[in-house]
Amino acid sequence: MFDQERDVQGRIAQLWVYPVKSCAGIALQKADVGATGLAWDRHWMVVDPQGEFLTQRDHPRMAWIQPEIGTQDLVLRFPGQEPLRVALQATGAVRKARVWSDRVQSWDMGAEAAHWLSQALGTDCSLVRFDPAVPRRTSERWTGGEAAPVHFADSYPLLVLSQAAIEDLNQRLQAAGHAAVDARRFRPNVVIEGLEAHDEDRVDGFDVLGTQGLRLRMAKPCTRCPIPDIDPVTAEQGTAVGDAIRTYRQDDRVDGAITFGMHAVLEGLQDGAGLAVGQAVAGDWQFA
């Protein structure tokens with residue numbers, strides 16, 4: 001299903017959910033969605049004893065923690081360790097956790113989870129789950145004055161990326177003698193094929209065709225840290241990806257910072273709303 005009157009058209013090529021912030025993602029064929037993004041996305045987070053969030057920036061071995069969402073449990077796997085199981089609806093001692101400048105209320109997932117993670121990462125840490133009773137909100141600066149709810153994601157419910165942006169980057173990497181990379185380096189939720197590279201930068205949003213008005217509204221350009229330089233397979237950190245995107249992705253909208261992909265919020269949500277690989281999307285150019 002396409003709409004020939006729209007400026008940009010494509011299809012959802014990949015869906016990714018990241019149940020534990022900064023750990024490996026799960027590729028999906030379909031996903032339920034809500035105001036905070038894909039179901040189970042960034043519901044859990046690894047924190048140090050002070051409640052400060054841990055990421056691959058300082059702990060690249062987090063890339064080896066592979067989550068799985070079961071019918072009743074979050075299952076975490078790590079090489080050389082028995083799987084950890086945490087009930088999806090588990091609560092625990094209330095504690096404050098920090099995501100960038102936000103201090104949020106969370107539930108501690110207990111001593112067993114803390115021991116398992118501390119062994120895996122070689123540092124004292126524990127697992128917390130977001131407490132939805134105390135909402136966290138996005139910045140209104142990029143959402144037209146409406147603060148959307150978000151769990152432990154850096155800033156917005158979704159990250160949208162065009163497949164062509166990855167292909168364009170890979171041409172540059174290979175021309176410089178480096179290996180190609182895939183979308184996992186950029187931790188998107190939605191990868192769209194059929195677009196020109198970085199069309200997501202230039203549209204106001206993507207309507208999901210065939211749904212009852214579900215829309216991915218583009219919000220803020222995603223500024224980039226060193227995580228795209230961490231190989232999700234080896235957990236080794238290089239410089240090639242960051243060096244490449246710095247040559248052509250300086251973004252005036254965020255004072256010249258390096259960007260790749262767009263943060264988005266969801267509009268037109270209905271009960272039972274969802275996204276699926278293969279769904280057609282369409283958008284129109286946004287003019288400043």
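Buried means under 20% relative accessible area, exposed over 50%, and partly exposed in between, with a 1.4 Å probe and protein chains only. By that scale Asp243 is partly exposed at 39%, and Arg246 is partly exposed at 44%.

A note on the source. This is a predicted model, where local features need pLDDT of at least 70 and side-chain atom pairs count only at pLDDT 80 or more, while totals for chains, interfaces and linings use all residues. Residues are numbered from 1 along each chain as its sequence is written, and side-chain values use heavy atoms, with hydrogens and water left out.

Now the salt bridges, meaning a side-chain nitrogen of Lys or Arg within 4 Å of a carboxyl oxygen of Asp or Glu. The whole structure has 22 of them.

Asp243 and Arg246 form one, at 2.7 Å from N to O. Both sit in helix α3, residues 240-246, three residues apart, so about one helical turn separates them. Helices here are DSSP runs of H or I, at least four residues, and strands are runs of E, at least two, numbered from the N terminus.

Next, Arg217 and Glu267, at 2.3 Å from N to O. Arg217 is in strand β17 and Glu267 in strand β19, so this pair ties together parts 50 residues apart in sequence. Arg217 is buried at 17%; Glu267 is partly exposed at 26%.

His263 is buried, at 9%. Beyond four places in sequence, its contacts, heavy atoms within 4.5 Å, include Arg217, Tyr156 and Cys222.
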